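Here are a few notes from my read-through, for you to check against the model. I begin with confidence and then turn to the packing.

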Amino acid sequence: SFGSMRWLVAWVVVAAPVDGQVIDEEFWNRCKSCTSAGRVFCYTTGECLDLSVDAPSEVMWGACMNPLLIPDSCRTKGIHPPKKEDL
């Protein structure tokens, strides 16, 4: 059914490797800790960046192409990547 397919897709996304590591509860706990401190967590590298969640989008995208910003949910804020000519 469609409902079970959504859960399968969600599980695959959560279990996907990032630079050779498996995204697990520890990964998300690091993300939540980072974003709760007002810093950007880079999904791509799994690192808490020394960068404020209020930094300009261009700065965030320069540091990480997958920045996570929202405490507790570790999601983006709807920021968009810069245009190619701005890179």
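Predicted model: local features only at pLDDT ≥ 70, side-chain atom pairs only at ≥ 80, totals over all residues.

1. Mean pLDDT for the protein is 75, with 62% of residues reaching 70 or more. Among the elements, helix α1 (residues 2-15) has the lowest mean, 41, while β4 has the highest, 95.

2. Which residues make up the largest nonpolar core? There are nine: V40, C42, L49, L51, V53, A55, M60, C64 and L69. Two strands, β3 (39-42) and β4 (47-52), are the elements that give two or more residues to this core. Apart from it there is another core of six residues, including F27, C31, C34 and F41.

3. V53, one of the nine in the largest core, is worth a click. Setting aside neighbours within four places in sequence, V53 is in contact with G38, R39, V40, M60, L69 and K77.

4. Then look at T35, which sits in helix α2 (residues 25-36). Is T35 buried or exposed? It counts as buried, because its relative accessibility is 2%. The T35 side chain reaches the backbone oxygen of K32 at 3.4 Å. Not counting residues up to four places away in sequence, T35 touches F41, L68, L69, I70, P71, D72 and C74. Two of these names have come up already: L69 belongs to the largest core, and F41 to the six-residue one.

Conventions: Residues numbered from 1 in each chain as written. Heavy atoms only, no water. Core = buried A, V, L, I, M, F, W, Y, C linked by side-chain atoms within 4.5 Å. Buried < 20%, exposed > 50% of the residue type's maximum accessible area, 1.4 Å probe, protein only. Helix = DSSP H or I, 4+ residues; strand = E, 2+ residues; numbered from the N terminus. Contact = heavy atoms within 4.5 Å. Polar contact = N/O pair within 3.5 Å; in protein donor to acceptor, adjacent residues only side chain to side chain. pLDDT = per-residue confidence, 0-100.
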